[in-house]
Amino acid sequence: MATLDSKTPKGPLKDKWTSYKNKIDLVNPANKRNIDVIVVGTGLAGGSAAATLAELGYNVKAFAYQDSPRRAHSIAAQGGINAAKNYQGDGDSSYRLFYDTVKGGDYRSRESNVHRLAEVSANIIDQCVAQGVPFARDYGGMLDNRSFGGVLVSRTFYAKGQTGQQLLLGAYSAMNRQIARGKIEMFNRHEMLDVVKVDGKARGIITRNLITGEIERHSAHAVVIASGGYGNVYFLSTNAMGSNATAAWKVHKKGAYFANPCYTQIHPTCIPRSGDYQSKLTLMSESLRNDGRIWVPKNMDDVMAIREGRKKPTDLSEEERDYYLERRYPAFGNLVPRDVASRAAKERCDAGYGVNKTGEAVYLDFKSAIERYGKEQAKIKGINAPSMEKIIELGTAIVEAKYGNLFQMYNKIVDEDPYKTPMMIYPATHYTMGGVWVDYNLMTTVDGLYCIGEANFSDHGANRLGASALMQGLADGYFVLPYTIGDYLSNDIRTGKIPTNTKEFDEAEKEVTERINFFVNNNGSKSVDYFHKKLGKIMWEKVGMARNEKGLKEAMAEIKAVREDFWKEVKVPGTADEMNPELEKAGRVADFLELGELFAKDALNRNESCGGHFREESAETDGPQKGEAKRNDKDYAYVAAWEYKGEPADAILHKEQLEFNDIELKQRSYK
Amino acid sequence: MNLTLKIWRQKGPTDKGQMVDYKVTEISEHMSFLEMMDVLNEQLINAGEEPVAFDHDCREGICGMCSMYINGEAHGPDRGVTTCQLHMRMFKDGDTITIEPFRATAFPVIKDLVVDRTSFERIQQSGGFISVNTSGNTQDANAIPIPKKDADDAMDAATCIGCGACVATCKNSSAMLFVGAKVSQYALLPQGRVEATERVQNMVAQMDLEGFGNCTNTGACEIECPKGISLENIARMNSEFMKASLKG
């Protein structure tokens with residue numbers, strides 16, 4: 001078994017990034033004009049990278065499957081972005097952000113990458129404000145902060161419940177400035193279908209124009225994959241309908257190792273599913289846990305009464321409610337990290353206390369917060385002995401100002417008023433911490449092929465803390481990749497334009513065309529969604545919030561069977577040379593059907609519980625931590641990076657041993 | 001519930017196109033409108049017909065990809081929602097629903113219900129940004145205090161999702177609400193003032209070039225806007241434009 005070199009610079013942790021930047025090779029401005037870079041994906045990572053590389057002088061070609069870069073799914077991130085600014089004076093620092101992120105990731109992330117992330121976090125906020133991102137401010141005109149799960153400080157910056165939107169529109173505006181200058185050539189409605197390697201280096205991609213169906217060749221001196229995560233392997237997730245793993249999976253098949261696919265984040269606060277027709281799940285921001293209290297009834301009689309409509313949740317007294325997070329985790333209460341909150345909800349629902357018809361829902365209640373804010377407001381406004389009605393009116397206004405758009409979203413979907421009755425929530429697939437393996441330079445195991453943002457694996461370990469995804473996407477794109485890629489490209493100043501009329505491009509294009517032709521000519525009996533839903537069901541039931549050896553082995557065999565059936569029976573109407581959404585989906589689901597099996601294989605290999613990966617075989621059996629996840633640092637403190645060898649089951653494991661020199665490995669306790 | 005759908009079908013940009021009738025049955029009131037469209041498409045695929053092409057992505061009302069003109073209203077009969085957030089509980093058993101693409105000269109149809117909104121892109125590229133490079137040493141984010149009211153108003157303008165409902169619903173196919181929102185966001189912030197003159201002039205010039213119509217103050221755009229972008233933004237843009245013109 002080979003070991004992987006992370007290329008982490010030597011020296012003390014806090015000096016690594018600074019001394020690295022001082023020592024790397026640079027490309028002079030005149031030479032940058034002769035160098036092309038391809039960026040696939042225009043979310044926070046891809047958008048910020050494309051804009052910054054173009055500002056530096058490189059010729060950037062950017063690709064998005066949507067009709068505009070602004071529609072990438074980063075747009076849907078609600079809650080906020082972390083940064084170690086310590087504006088609240090509550091003791092925050094880069095080191096604390098680093099520490100919280102490593103601990104939150106259950107000690108399965110790369111220490112040096114996380115420290116760098118924490119170091120550049122403050123720059124992100126400065127940059128975004130300079131771009132005109134309208135973060136929330138207080139009455140003194142200063143930036144406001146909120147708190148997120150798994151930390152004890154307020155370091156999260158936000159723009160109402162639409163932080164991702166505002167940050168993405170910031171990156172998009174920076175892109176637009178470069179598109180207008182001709183430094184970014186933007187390809188909307190284009191999908192990358194393969195990477196092209198020349199002499200072992202990534203030198204281009206094959207794309208399909210989603211309007212005309214035309215297959216195109218694009219060359220460059222380096223290729224950056226920023227295509228997001230693979231949560232849609234579960235069919236139902238909080239991802240966008242088009243979010244897919246195709247770019248990441250194609251590069252995996254061309255030699256990039258795929259790391260820790262089993263690390264998936266099941267987010268605790270999503271709107272429960274309502275029926276088989278459901279196409280996606282909607283997240284309710286974790287920021288709601290600042291003010292919402294999570295509970296189920298204490299007594300089974302009340303559960304049944306609520307399910308049958310004989311009682312309403314508001315009928316239950318405080319004594320009849322089980323605020324199970326506050327009960328189990330008094331120190332962090334409702335603000336435990338996501339993995340812990342999700343498992344706790346599953347535990348209560350598995351025990352039969354779920355509050356809706358499917359038995360898969362718990363309450364998120366704002367009554368206490370509304371009363372607390374109402375009393376505070378009455379005091380501020382000098383209202384003596386306010387009536388309960390007045391308190392609720394005043395408190396509701398505050399809650400509305402904070403979370404209005406989320407409450408409206410909930411109301412539109414569920415048709416209930418969350419100001420008056422508690423929300424119902426249940427965990428759903430949200431984010432994938434695993435992804436393409438990259439070294440300290442964010443380069444994959446293929447030379448000249450980079451991977452940034454959610455698509456890579458490095459910073460969140462086995463569990464991502466809230467408001468850290470936006471931070472990582474922008475850190476990679478604005479502040480890390482522009483340095484590291486220059487070091488590599490400094491060797492390409494004499495290379496000249498990469499031609500596309502070579503055998504490498506011929507072969508890659510032929511492969512892509514053959515696959516498309518297969519789909520439109522197969523004429524099977526079942527739609528693409530039929531197979532995607534089958535895959536999703538297997539993933540959710542056997543590779544979901546809790547996993548065991550037997551289930552994982554079954555999942556691998558079942559996914560393989562679905563995949564074989566897919567290639568026989570899939571039906572794609574229409575032709576290859578037109579806009580054809582079913583054809584797009586077919587290619588994406590074909591890749592999910594391979595990725596899903598590797599996912600299960602990775603989960604099977606990792607016989608420990610860490611972060612979002614919970615193995616039933618590995619739980620604490622007694623003591624105060626009974627039932628909590630049990631990590632095994634002796635045997636599993638490594639990154640599992642898989643090398644493609646044909647069938648997913650044949651993938652070869654490479655280990656990157658994780659070293660923690662600046663942090664002591666501890667059991668993660670939130671009690 | 002059982003429904004009759006009258007849907008615009010158009011094979012490609014140069015095809016003439018026509019309304020076609022379809023029936024769907026057993027539609028749950030809890031479904032979203034697009035989930036109802038998924039049911040129709042699954043039905044069409046199984047019958048060997050070509051499914052209806054429509055734009056959609058996030059399905060939670062924020063990406064701005066979905067469009068559709070439903071029963072004569074952009075994003076359908078509900079208020080403050082995009083088509084993906086519209087639920088079937090807004091309809092009754094036996095209803096006939098007419099579904100068309102967003103129509104405007106500057107939004108040509110690509111296929112069925114999918115339109116080309118790249119005219120919006122070009123407007124943004126003409127000035128929808130602040131010219132600041134990424135450097136890692138911009139001034140501290142709290143260096144310039146911004147009054148809460150200004151920050152909140154800028155945020156309200158910035159929530160535009162660029163879906164184009166304002167254009168589709170306007171009898172003049174005007175893009176003034178869309179452009180006004182972007183101009184306002186920057187006009188309200190000190191960072192945006194530096195380039196305010198060129199920005200408003202360039203964006204308005206590009207808007208005219210794309211073939212969007214003028215504003216005649218009917219206010220339909222504000223009513224149909226899924227994000228409630230206020231008409232005040234058009235007024236602010238007009239005032240900015242006037243100021244810029246006087247400056248020369």
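Modeller: A residue is buried if 20 or more other C-beta atoms lie within 10 Å of its own. Keep that cut-off in mind. This is a predicted model.

Colleague: What makes H3(A) largely enclosed by the rest of the structure?

Modeller: Count its buried residues. 13 of the 13 residues of H3(A) are buried, so the helix is largely enclosed.

Colleague: How do you know that the span of H3(A) agrees with what it should be?

Modeller: The expected span is 1.5 Å times one less than the number of residues. For the 13 residues of H3(A) that gives 18 Å, and the end C-alpha atoms are 18 Å apart, so the two agree. Just after H3(A) comes A:Gly57, with a positive phi of about 120°.

Colleague: Why is A:Asp106 called buried?

Modeller: The cut-off is 20 or more neighbours. A:Asp106 has 26 C-beta neighbours inside 10 Å, so it counts as buried. This residue is found in the loop between helix H4 (94-104) and H5 of chain A.

Colleague: Why is B:Asn71 called partly exposed?

Modeller: Exposed needs 12 or fewer neighbours, and buried needs 20 or more. B:Asn71 has 15 inside 10 Å, so it counts as partly exposed. B:Asn71 lies in the loop between strand E3 (69-70) and strand E4 (73-74) of chain B. Its phi is also positive, about 50°, and it is not a glycine.

Colleague: Which residues touch the most other members of the largest nonpolar core?

Modeller: That core has 280 residues, and the answer is A:Val224, A:Ile225, A:Val436, A:Tyr450 and B:Val167. Take A:Tyr450. Leaving aside neighbours within four places in sequence, its contacts include A:Val224, A:Ile225, A:Leu481 and A:Ile485.

Colleague: How many residues does each chain give to the contact between A and B?

Modeller: Chain A gives 66 residues and chain B gives 67. On the side of chain A, the largest share comes from H6(A), with nine residues. By class, that side has 25 nonpolar, 25 polar and 16 charged residues.

Colleague: What domains does the assignment give for chain B?

Modeller: Domain 1 (3-110) and domain 2 (117-247). Their C-alpha centres lie 29 Å apart.

Colleague: How do you know that these two domains of chain B touch?

Modeller: Contact means C-beta atoms within 7 Å. 18 residues of domain 1 are in contact with 17 residues of domain 2. The domain 1 side has nine nonpolar, seven polar and two charged residues.

Key: Residues are numbered from 1 along each chain as its sequence is written. Chains are lettered from A and ligands numbered from 1 in the order in which they are written. This is a predicted model: local features need pLDDT of at least 70, side-chain atom pairs count only at pLDDT 80 or more; totals for chains, interfaces and linings use all residues. Helices (H or I, at least four residues) and strands (E, at least two) are DSSP runs, numbered from the N terminus. Ala, Val, Leu, Ile, Met, Phe, Trp, Tyr, Cys and Pro count as nonpolar, Asp, Glu, Lys and Arg as charged, and the others, Gly among them, as polar. A nonpolar core is a set of buried Ala, Val, Leu, Ile, Met, Phe, Trp, Tyr and Cys residues joined through C-beta atoms within 7 Å. Domain bounds come from an automatic or database domain assignment.
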